[in-house]
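Hi,

Here is the structure I promised to pass on.

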Amino acid sequence: MNEITYAQAIKDAMSEEMRRDPKVFLLGEDIGAYGGAFGVTRGMLEEFGPDRIRDTPISEAAITGAAVGAAMTGMRPIMEIMFSDFITIAMDQLVNQAAKARYQFGGQVSVPMVLRAPEGSGTGAAAQHSQSIEAWILNVPGLKVVAPSTPADAKGLLKASIRDDNPVVFLEQKLLYRKKGPVPDGDVVIPLGKADVNRPGTDISIISYGRMMERCLQAAEELAKDGISAEVMDLRSLRPLDTEAIVSSAIKTGRVLIVHEACRFGGFGGEIAATICDSEAFFYLDAPVRRLAGKDVPIPYNKYLEAGIVPTTEAILAAARDLAK
Amino acid sequence: MTIPREKLEDMYRKMALTRAFEETAMRLFSLGKVHGTAHFCIGEEATGTGVCAGIQPQDLIYATHRGHGQSISKGMNVDRMMAEFLGKATGVCKGKGGCMHIADVSAGNLGANGIVGGGIPIAVGAALGTVMQKIDRVVVCFFGDGASNEGTFHESINLASVWKLPIVFACVNNCYGMSMKVTASMNITDIALRASSYGIPGMTVDGNDVLAVYAAAQEAREHASRNGPVLLVLNTYRIMGHSKSDSGAYRTKEEVEEWKRKDPLKRFVSTLLQQGLFTEAEIAGIDAEAAAVIEHAVAYAESSPEPSLDTVEQDVYA
């Protein structure tokens with residue numbers, strides 16, 4: 001067990017997979033000598049060389065299409081989109097090509113690729129570099145979506161994503177890049193589609209993923225002081241989704257608070273809430289399922305405004321206390 | 001250059017098959033037997049056939065939404081192609097793609113595309129995979145004049161050029177992007193000029209002359225396999241409307257008639273006859289054989305079962 005950063009864990013996962021499998025390679029903007037906009041790939045050019053760490057022109061559609069085509073013909077590309085917001089420029093290649101190639105060709109091809117992209121606010125980069133975009137991607141059958149919250153999960157889930165035979169969108173939480181956490185040694189692969197109950201509890205379920213996990217755990221700690229036992233669940237993988245874990249936690253506690261950074265309207269919280277209300281868990285609910293999410297505004301620049309639009313630990317705590325009444 | 005007789009015969013057979021496929025597909029439409037839409041390549045047969053004849057069996061193609069001729073010329077089984085057109089379970093894509101998404105990986109056809117310009121970056125990726133796996137192979141990406149106005153065209157050619165990938169960008173200029181005439185959609189008359197922006201060679205060929213297309217494709221392939229990408233522009237004409245919904249209000253009958261006189265099949269036949277390489281009876285024999293092959297394909301497709309609804313969730317994920 002080593003204490004390493006989230007960024008290091010991602011780099012380690014890629015490096016280990018590249019040593020294991022010659023078909024794995026990286027492409028993206030400024031991932032070579034620069035080391036990636038957030039430094040994730042720093043040092044990889046030196047180890048693997050320019051053939052496998054491919055710096056590209058600023059051409060998101062071509063980068064994504066190149067990954068799709070390489071994947072269709074036997075390679076396992078990992079591509080980096082510098083900010084998840086820029087996926088818009090590659091949307092056709094991701095949504096109409098990567099996600100649909102297998103189905104529309106009757107299963108003749110597979111597209112084993114990973115699209116890595118950092119998401120989230122908190123860096124003062126304003127409206128076009130700070131969004132949490134998972135809801136756009138989650139509505140597309142054929143894609144998988146992962147959003148890890150710890151270094152250990154980032155490493156284990158990225159390894160699983162690289163080995164997966166489908167296109168996986170791996171949403172890195174940019175404010176977590178420098179956070180350290182324990183990561184087990186060795187080749188630990190965490191299967192996609194399994195939620196993690198970070199903290200078991202009996203009175204209320206707090207269901208979240210990504211950067212908000214840290215705040216949910218802090219809130220649970222405070223709730224414990226009030227004698228409220230909160231179960232905190234990290235979904236980790238959003239598609240495939242561990243519906244069984246969600247439903248059984250809701251049945252156990254009867255009170256559910258869903259927390260995410262992305263905008264509320266049309267956000268993934270609605271899907272989680274519907275998963276509970278569509279299931280037998282509905283009959284066990286003691287209170288309405290509650291969502292706490294980012295405000296429905298573009299991300300503002302000013303640091304107070306920016307901090308004010310995502311759920312805070314205090315807001316999570318207040319909502320949980322209210323629900324647990 | 002002397003072309004072996006078998007090669008010439010194969011090229012004419014592919015063109016005749018394509019024409020017969022398209023005419024039969026249109027007849028099936030008028031009989032109400034087709035659920036979707038289709039984009040016919042009548043008048044453009046020399047482009048798909050000439051290019052596919054000029055490359056090697058191991059080479060890969062990415063086709064367009066108007067890609068029946070490209071697919072047939074790459075050696076696709078027409079029974080399974082017709083079955084896909086009718087949406088049957090025996091279709092090459094199990095009835096899930098339709099004729100806009102025909103693919104036959106075993107024949108080196110990695111798929112037609114319903115998004116204009118959507119296949120171009122993917123073809124670049126296949127060329128990248130080719131280089132990284134050290135495979136002796138070239139990728140041919142078909143697209144149209146309309147696609148050359150898409151961003152993906154420019155991004156992809158630039159990327160392929162920077163990486164010197166073994167790819168031929170085959171632009172089938174059929175004079176129209178749906179109703180938009182090519183002269184109105186760009187301010188140049190020769191699309192191959194666009195190659196110079198990316199530091200690669202551009203070639204322009206009479207796309208109704210199958211022998212000229214064949215020779216150009218050989219040259220382009222040779223260049224691509226050694227020195228990187230080539231833009232090969234094939235000037236031709238779309239005789240039929242864009243799709244089944246097209247009333248033709250944007251062009252004159254005279255213009256269409258003028259191009260009908262440049263029919264690539266008639267032109268090839270007249271060359272073959274003039275040079276004494278084939279007799280009229282031999283040509284008629286190939287035409288009859290093509291008609292029979294397509295008739296068989298229709299019988300196969302019509303007698304094939306509809307896909308079961310149980311299969312509808314298959315192949316979303318690997």
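Which side chain meets A:Lys155 in a salt bridge? The partner is A:Glu16, at 2.7 Å from N to O. By salt bridge I mean a side-chain nitrogen of Lys or Arg within 4 Å of a carboxyl oxygen of Asp or Glu.

Before the rest, some housekeeping. This is a predicted model, where local features need pLDDT of at least 70 and side-chain atom pairs count only at pLDDT 80 or more, while totals for chains, interfaces and linings use all residues. Residues are numbered from 1 along each chain as its sequence is written, chains are lettered from A and ligands numbered from 1 in the order in which they are written, and side-chain values use heavy atoms, with hydrogens and water left out.

Salt bridges

Back to that pair: A:Lys155 sits in helix α7 of chain A and A:Glu16 in helix α1 (residues 6-20) of chain A, so the bridge ties together parts that are 139 residues apart in sequence. (Helices, H or I of at least four residues, and strands, E of at least two, are DSSP runs numbered from the N terminus.) A:Lys155 counts as buried at 7% relative accessibility, whereas A:Glu16, at 24%, counts as partly exposed. Here buried means under 20% relative accessible area, exposed over 50%, and partly exposed in between, with a 1.4 Å probe and protein chains only. Both residues belong to a network of salt bridges that also links A:Glu17, A:Arg20, A:Lys159, A:Arg163 and A:Asp187.

Over all chains, the structure holds 39 salt bridges. Another one joins A:Glu172 and A:Arg116 at 2.5 Å, N to O. A:Glu172 is in strand β7 (residues 168-173) of chain A and A:Arg116 in strand β5 (residues 114-119) of chain A, so this pair ties together parts 56 residues apart in sequence. A:Glu172 is buried at 0% relative accessibility, and A:Arg116 is buried at 2%. Then there is A:Glu261 with A:Arg211, at 3.0 Å from N to O; A:Glu261 is buried, and so is A:Arg211.

The two domains of chain A

An automatic or database domain assignment gives the bounds: chain A is divided into domain 1 (2-183) and domain 2 (196-324). Their centres, taken over C-alpha atoms, are 26 Å apart. The contact (heavy atoms within 4.5 Å) takes 29 residues from domain 1 and 22 residues from domain 2. Together the two domains of chain A bury about 2100 Å², 55% of it on carbon and sulfur atoms; that area is the accessible area (1.4 Å probe) that two parts lose on being put together, summed over both. A:Ser121, A:Leu138 and A:Ala147 supply 23% of what domain 1 buries against domain 2, more than any other three residues. Two salt bridges are counted between these domains.

Nonpolar cores

A nonpolar core here is a set of buried Ala, Val, Leu, Ile, Met, Phe, Trp, Tyr and Cys residues joined through side-chain atoms within 4.5 Å. The largest has 168 residues, and A:Leu235, B:Phe85, B:Ile167, B:Phe169 and B:Leu231 touch the most other members. Helix α1 (residues 5-30) of chain B gives the largest share, twelve residues. Domain 1 and domain 2 of chain A both contribute to this core, so it lies between them. A second, separate core has 23 residues, including A:Ile204 and A:Leu317.

Cheers
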